[in-house]
Amino acid sequence: MNTTLKTYTIREIVDGFIYNELEGKGLFGLSGKLLIQPEYQRNYIYADGRRDAAVIESILKGYPLGLLYFNNVDATHFEVLDGQQRITSIGRFTTRKFACKDRNGREQVFTSLPADMQTKIMDSKLLVYHCEGEESEIKDWFKTINIAGVPLNGQELLNAIYSGPFVTAAKAEFSNSQNANIRTWGFYVKGTALRQDFLATALDWVSKGNVAGYMSAHRTDNNITEMKTYFDTVINWASGTFDDGEKEMCGLEWGRLYETYHGQSYDHYKISAAVQKLYADPYVKNRRGIFEYVLGGETDTKLLEIRIFDEVTKQAVYKQQNGLCPLCELDPKSKGKAYKLTDMDADHVTAWSKGGVTAIANCQMLCKSHNRAKGNA
C-alpha cells in the first residue's frame with residue numbers, strides 16, 4: 001500500500017458537508033469528492049455532547065487532532081479510511097448541529113462564535129495520508145486502526161471485511177437509530193443500533209452462529225429478506241409466548257430458544273402465571289433461567305440455580321431418617337445418635353455444583369458438623 005501525506009484546511013474538508021440525521025452519518029466533504037462514511041465504517045458514535053465537543057475544543061486550543069487517512073478511490077475521489085468520527089464532528093459543528101463552550105465557558109454554536117474563532121477553526125490544518133492499494137490491503141489496514149481510543153467491535157470489523165450491497169441494506173435496517181422497531185427489539189436484544197448490536201444479533205440468529213460465513217455467502221445480495229424475516233419471526237415468537245416484560249428477558253439466547261421450543265404449543269396465560277410464581281419464589285437465584293425452565297416443562301431446576309431445600313422437604317427427610325445423621329451412622333462412636341431438626345442441615349447427596357438437583361430424592365439431613373465439613377464432596 002502506497003501513502004502520500006497532504007495538508008487540508010478544515011474549510012476545504014467541510015466544503016459540501018452533508019449530515020444525515022436519520023441514519024446518523026456524515027456523508028460528504030471536499031466539495032463532494034470525499035465520501036466520509038463508506039459502508040465498512042462504523043456509525044457515527046461521537047454525538048454525545050462530550051466527545052464531539054472535545055474535538056472542537058481541541059481545535060480552538062490549537063491541539064493536533066492526529067493523522068487522518070483517506071483511501072484513493074480514483075484520481076479525484078476519496079473515502080475516509082480513518083478519521084470519520086473527527087471529521088463528522090467538525091462538519092456537524094460548522095453546520096450548527098451542536099454547541100460547545102467558548103473561551104468564557106458559554107455554550108455556542110458555530111455561527112454565534114466571534115468571527116476570529118470561526119476563522120481559527122476554518123483555517124486549522126489537518127494532516128491526511130492518502131492511501132492506495134488493493135481492497136484487501138485497505139481493509140486489512142482499516143482493521144488495525146484504533147479510532148480515537150474506541151476500538152472497532154466484532155460486528156464493525158465484519159462490516160468492513162464484507163462490505164457490499166448486503167451490508168448496506170442490513171445497516172439501513174438494523175443500524176438505523178431512528179427505526180421505530182428498536183423499542184420492541186430492546187426488550188429482547190441488548191445494545192444499541194449505533195454499535196451494530198441488533199445487526200450482530202440478527203446475523204447470529206439466522207446463521208446459527210456462523211456470522212462470517214453467512215456474510216461472505218450473501219455479500220453481493222441486494223436484499224436482507226431472509227435475515228429480517230427470521231429475526232422478526234424470533235421476536236414475534238418470544239413476544240407472543242411471554243406476556244411478561246421482565247428485564248431479565250433482554251439478552252437471552254432467543255434464537256436458540258426459538259429453534260429448540262417453537263415447535264411446541266404453549267398457553268401464554270399459563271406461561272405468564274408460571275413466570276410470576278417463579279419470580280415470587282425466594283429460592284430462585286437465577287431469574288434469567290426462568291424462561292427456558294418454563295419452556296422446557298419446568299424440569300431442569302439447574303436453570304433456576306435453586307440450591308436451598310424448602311421446609312416441607314427438610315421435615316419429610318428428617319422423619320425418614322428418624323433424626324439420624326447418615327454420616328454419624330458410619331462412626332461407631334456416634335452411631336444411633338438422634339438430632340433435633342434445628343441441629344441438622346439439608347444437604348445435596350450429589351452436590352449441586354456437580355449436577356445434583358434440589359429435590360427430595362437428592363436430599364439428606366446431616367448434623368451441622370458433618371454438613372460444614374462435607375463441602376462439595
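This is a predicted model: local features need pLDDT of at least 70, side-chain atom pairs count only at pLDDT 80 or more; totals for chains, interfaces and linings use all residues.
Colleague: What volume does the second largest pocket have?

Modeller: A pocket is an open set of points on a 1 Å grid over the protein atoms alone, where a 1.4 Å probe fits, with protein on both sides within 12 Å along at least five of seven lines; lining residues have an atom within 4 Å of a point. Points are joined across faces, edges and corners, and the volume is the space filled by probe spheres set on them. For the second largest pocket this gives about 190 Å³.

Colleague: Which element gives the largest share of that pocket's lining?

Modeller: Helices (H or I, at least four residues) and strands (E, at least two) are DSSP runs, numbered from the N terminus. The lining of the second largest pocket has 16 residues, and Trp254 is among those nearest its centre. Helices H9 (197–207) and H12 (254–261) each give two or more residues. The largest share, four residues, comes from H12.

Colleague: Turn to the largest pocket. Which helix gives the most to its lining?

Modeller: The largest pocket holds about 280 Å³ of space. Its lining has 18 residues, and those closest to the centre include Asp281 and Tyr283. By class, 11 are nonpolar, three polar and four charged. Three lining residues come from the helix that gives the most, residues 268–279, which is H13.

Colleague: Which residues make the nonpolar surface patch of about 240 Å²?

Modeller: Patch residues have over 30% relative accessible area and no salt bridge; nonpolar side chains (Val, Leu, Ile, Met, Phe, Trp, Tyr) are joined within 5 Å, like charges within 9 Å. Areas come from the Shrake-Rupley method with a 1.4 Å probe, and for residues only the protein chains shown count as cover. One member, in strand S1 (residues 2–9), is Leu5. The patch is made by Leu5, Leu67 and Leu127.

Colleague: How many salt bridges are there?

Modeller: Side chains of opposite charge can pair when their charged atoms come close. The rule asks for a side-chain nitrogen of Lys or Arg within 4 Å of a carboxyl oxygen of Asp or Glu. The count is 11.

Colleague: Asp123 and Arg11 form one. How many residues apart in sequence are the parts that the pair ties together?

Modeller: Their side chains meet at 2.8 Å, N to O. Asp123 lies in helix H4 (residues 115–123) and Arg11 in helix H1 (residues 10–13), so the separation in sequence is 112 residues.

Colleague: Is Glu156, the partner of Arg195, buried or exposed?

Modeller: The closest N and O atoms of Arg195 and Glu156 are 2.9 Å apart. Buried means under 20% relative accessible area, exposed over 50%, and partly exposed in between (1.4 Å probe, protein chains only). Arg195, at 22%, counts as partly exposed. Glu156 has 2%, so it counts as buried.

Conventions:
Residues are numbered from 1 along each chain as its sequence is written. Side-chain values use heavy atoms; hydrogens and water are left out. Ala, Val, Leu, Ile, Met, Phe, Trp, Tyr, Cys and Pro count as nonpolar, Asp, Glu, Lys and Arg as charged, and the others, Gly among them, as polar.
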